Amino acid sequence: MSKKIVATTSLAGCFGCHMSLLDIDERILDLIELVEFNKSPIDDIKTFTKQCDIGIIEGGCCNSENVHVLKEFRKNCKILVSVGECAIMGGLPALRNGIDIKECIDEAYLNGPTAKIGNPEGILPNDDELPMILDKVYPCHEIVKIDYFLPGCAPRADLIWNALVALVTGNALELPYEVVKFD
Amino acid sequence: MKATLQTIIEKHQKDATRLMDILLDIQAEHGSVNDEAIALVASQLGISKVDVEQTRSFYHFFTKESAGKYTVYMNDSVVANMKGKAEVVKAFEKEANCKLGSVSADGLIGLFNTACIGMSDQEPAALINGKVFTNLTPAKVKEIVAGFKADKCVKEMITEYGDGQNSSELIKSMVKNNLMKKGAVTFSEYKTGTALRKVVEMNADQIVAEVKTSGIRGRGGAGFPTGLKWDFCRKEAEPVKYVMCNADEGEPGTFKDRVILTEVPALVFEGMTVAGYTIGAKQGILYLRHEYKYLVKYLDKVLEDLRTQNLLGKNIAGKQGFDFDIRIQLGAGAYVCGEESALIESCEGKRGEPRNRPPFPVQKGYMNKPTVINNVETLAHITKIIEKGGAWYKGIGTKESAGTKLLSISGDCEKPGVYEIEWGMTIQQMLDMVGAKDVQAVQVAGPSGTCINPKQFGRAIAYEDLATGGAMTIIGNQRNLLKDVVHNYMDFFVDESCGSCVPCRALSVLMKERLEKVINGHATKNEVNELVEWGSFMKLANRCGLGQTASNPIITTIQNFREKYDALTKDTDYVSEFNMETAVAASCAVVGRKPNLEH
């Protein structure tokens, strides 16, 4: 059986879910026996070089680039998995969803304590090359179809591992209580 | 301000369990319960500020800031909207110069939405400084706002009074009873005190046996056998017990308890006293929803008269040692307080969050003492059962549903109002009775009940078929069922969730948003199927009846009106509502760049 191909990305996330993936410790050696990584921060492949089987998405979408990357993942992966609170619900970044966008931008670039020191001229980022900020932070499944969701902040390593192994081997996912309890 | 606060706190003996009354008085006196008031109340009652604050923030009619010298709470129920609420709101906004949900710049007028105020048969209706205004029109609004501007007292603005006791000196309200059909039990002839004089010759065993014989089941909607409930409570060893009457009639579309309490309140109080005698309680509490505050003075007078007649107080009906009295506890605007354990919490001065069960209220209820809680209608019927006997009552209605039932009928029909019917009537018979033609659906038992389609109109109103607390909302063919009805009901549940159970707090919001996706024509058939799955999760994982039924508006319409969902949904794998152009427009405008949609 050929190895399944996995791609991963962190959109509007903190890389905590990727860290949690690395928390599988020595099982990473088993993992590279099971799968091959394509586009992912883990191997630093920046663009898709082939069709993948599984796409792992950390983080929601806060800007136009996140949306673009997410759509690329949908195009290039058979199965997409939202991993963690931010991908599933928007998470911490979505705290801004109740605040007017102008107020957010003003606070970040004009009024905040660091903005006053770092941006004395009060420049707002408007270069055409920069991603455009969305009106709110969107969970991934509102942009593209997501096949599976792994909850947690971050989901614990065992959950990500169990899910990946189940997806790759086609066996049923083991979900003992300890793996999905959060408090 | 401090002096009046101090007076209020002392009037209630600095008793933390009477926090509701304290905050109600403060709100009435000062037009708000501000942080200064909270700090003082907390220090005087010896509880934390958070304890006070969480009670204030829980109830709709407590406000942190002033809600205007004149506060208009517009009823936002389905029927109010059917009957032209939008036009009335527009008129208020124009005349008062303020947007719905805010206070006018001069602080004169506050305009807010509120959940069903129990006036579905005379919509659009509103509460203005606690007084009920019914059958509102833009023209009437103009007059009302002119009254505000002329500094008139709200009482003076009510010039026409309703029928029956509504026009009595202590009520003086424009509310109409619309009592369209009197039946054999609630609204039949009765001489106050007959039941109590009979009851003092009986022992508790005999009374419970009589109530069990009658087959009466709880009239609030759940239908628990009343005799059994009393029996459980009676057998608890604890010497102190309580009787409570649930008059927190909050299910949108229900208003029959209002008519009972207006026309035959003594029947209810007598029923409570019978319950007190039976279980051995000395105190009863009528928990009255804040929307019916206009009845308090009148009800207090009825209680006073009962005391004078020795039907309440000490040695009732001449029976040595039979002491029982009743106080009225006002709510402050929270649907969930109709849930009995939440009602108890509220009576103890706390947030109306339902308790875990067991223990049940009959074991540990008010103040953790055994407590019987019955609906207004149930207690009224108890009085009649004692008067005429259980067998008489059992002879009315159907096999499993004894007696009569009050229906609150409203919506698209010629004769909305309160009808006392015998259990077993079919929906079609009911529709004919109220002059409803061209009916698309009937919402049975309010939003937490079932929405049925015309093929089901042969079904019977009875516990063995369509159980109901009495709300019947008729929806004509001219309505958009999903948009006008189901969406309004979901809004209601989202607002009224106490927030304690995650599925109720979060999933009801997600279900509402999914419904919006359906209405907007962007959902897939699979997403509708998912709604059904989520609904079963709501039933499984929420603590109280509110949470367990909060998905019913969606679930029962998927069951009975699937074609409406199918017509709006696509048979594709996935549809996104995301639109890049609209999503980036605001931020690009702020930073001053042209959106580049080629990115």
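**Close-up views of a two-chain model**

**View 1. Chain A, burial and extent.** Of the 183 residues of chain A, 36% count as buried; buried means 20 or more other C-beta atoms within 10 Å of the residue's own, exposed 12 or fewer, and partly exposed in between, with C-beta atoms placed from the backbone. This is a predicted model: local features need pLDDT of at least 70, side-chain atom pairs count only at pLDDT 80 or more, and totals for chains, interfaces and linings use all residues. Residues are numbered from 1 along each chain as its sequence is written, while chains are lettered from A and ligands numbered from 1 in the order in which they are written. Chain A has 8 helices and 7 strands. Helices (H or I, at least four residues) and strands (E, at least two) are DSSP runs, numbered from the N terminus. Along the principal axes, the C-alpha atoms of chain A fill a box of roughly 60 × 40 × 30 Å.

**View 2. The interface of chains A and B.** Here 18 residues of chain B are in contact with 19 residues of chain A; contact means C-beta atoms, placed from the backbone, within 7 Å. The chain B side has 10 nonpolar, 5 polar and 3 charged residues. Ala, Val, Leu, Ile, Met, Phe, Trp, Tyr, Cys and Pro count as nonpolar, Asp, Glu, Lys and Arg as charged, and the others, Gly among them, as polar. The predictor gives the complex an ipTM of 0.93 and a pTM of 0.90.

**View 3. The open sheet of chain B.** Its 5 strands follow the order 2-3-1-4-5, with mixed pairing; two strands pair if DSSP finds at least two bridges between them. Strand 2 (102–103) and strand 5 (131–133) are the edges, each pairing on one side only. Strand 1 (residues 70–75) and strand 3 (residues 109–114) run parallel, joined by 6 bridges. B:Thr71 has B:Gly110 of strand 3 as its bridge partner. Helix 6 (residues 85–96) packs on the sheet and touches strand 1 and strand 3. The direction of helix 6 makes about 160° with that of strand 3. Axes are lines fitted to C-alpha atoms, for helices over the stretch in contact; angles run from 0 to 180 degrees between N-to-C directions.

**View 4. B:Lys297 and its surroundings.** B:Lys297 sits in helix 14 (residues 296–308) of chain B. B:Lys297 is exposed, because 12 other C-beta atoms lie within 10 Å. The C-alpha atoms of B:Lys297 and B:Ile171 are separated by 7.3 Å, though the two are 126 residues apart along the chain.

Technical notes:
Contact = placed C-beta atoms within 7 Å.
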